[in-house]
Amino acid sequence: RHPEETAMKDQLNAQQCREIIAELAAVLPDALAAKFPRRSSFDFEKDEEEQQIMRTRWDPVFTGGGIVGLLITDAEAQQALFTKDVDVVLEIATNLEFCSMESALELAGFKRRLGEEAERISWDWNGVDVDTLPNRRIISLPHNPWFVALMQSAQRIEVIPGRHAWIASAP
């Protein structure tokens, strides 16, 4: 199923968040890589399995209410509450890179949510509200000082069978 089939008008449940995060984890790296030059990597050898589990600059880190259901591992625990959006933190170092990210998102089918208080970071993707936040402070954009640490503490988890994403909770 596609996110547009599962997204509710105002609220997303834990399963919908899983499906949306899985889709975004696949879409965003390709969209961003097309707009940004690759940073050179260190010259140490990695086997194929290591390559698959290392987070790259283009891999989004999901945080906020959309990941609560992914953090609960106890089958007996109460179902996670609903959330209204999916929060994504991206490695964006400058305002120029942020502008390139905006262009990449538009090319990938994201639509700006006009009228939002923070409309530069607020997007509609197939009927789902997605907030994209830079990991570093950029003037005129919302920022949390813990985003740098969040990127470093991200964990790769299986969000739906066979599909992985990077997630991190606030400290």
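Biologist: What should I know before I start?

Modeller: The model is predicted, so local features need pLDDT of at least 70 and side-chain atom pairs count only at pLDDT 80 or more, while totals for chains, interfaces and linings use all residues. Residues are numbered from 1 along each chain as its sequence is written, and side-chain values use heavy atoms, leaving out hydrogens and water.

Biologist: In what order do the strands of the sheet lie?

Modeller: Helices (H or I, at least four residues) and strands (E, at least two) are DSSP runs numbered from the N terminus, and two strands pair if DSSP finds at least two bridges between them. Here seven strands make an open sheet with mixed pairing, in the order S3-S4-S5-S2-S1-S7-S6. Strand S3 (111-112) and strand S6 (155-160) are at the edges with a single partner strand each, so one side of each has no neighbour in the sheet.

Biologist: How many bridges join S2 to S5?

Modeller: Five bridges connect S2 (residues 86-90) with S5 (residues 128-134), and the two run parallel. Val88 stands opposite Thr132 in S5.

Biologist: Which strands does helix H2 touch?

Modeller: Contact means heavy atoms within 4.5 Å. Angles run from 0 to 180 degrees between N-to-C directions, with axes fitted to C-alpha atoms, for helices over the stretch in contact. Helix H2 (residues 14-33) packs on the sheet, touching S1, S2, S4, S5, S6 and S7, and its direction makes about 120° with that of S6.

Biologist: How many aromatic pairs are there?

Modeller: Rings of Phe, Tyr and Trp (its six-membered ring) pair if their centres lie within 6.5 Å; planes under 30 degrees apart are stacked, over 60 edge-to-face, and the rest tilted. By this rule there are three aromatic pairs. Phe110 and Trp125 are stacked, at 5.8 Å centre to centre with 20° between the planes. Phe110 lies in the loop between H5 and S3 and Trp125 in strand S4, so their pair ties together parts 15 residues apart in sequence. Ring pairs also link Phe110, Trp123 and Trp125 into a cluster.

Biologist: Is Val159 buried or exposed?

Modeller: Buried means under 20% relative accessible area, exposed over 50%, and partly exposed in between (1.4 Å probe, protein chains only). Val159 is buried, at 2% relative accessible area, and is found in strand S6. Not counting residues up to four places away in sequence, Val159 touches Arg18, Ile21, Ala22, Leu70, His164 and Ala165. The C-alpha atoms of Val159 and Glu19 are separated by 7.5 Å, although these residues are 140 residues apart along the chain.
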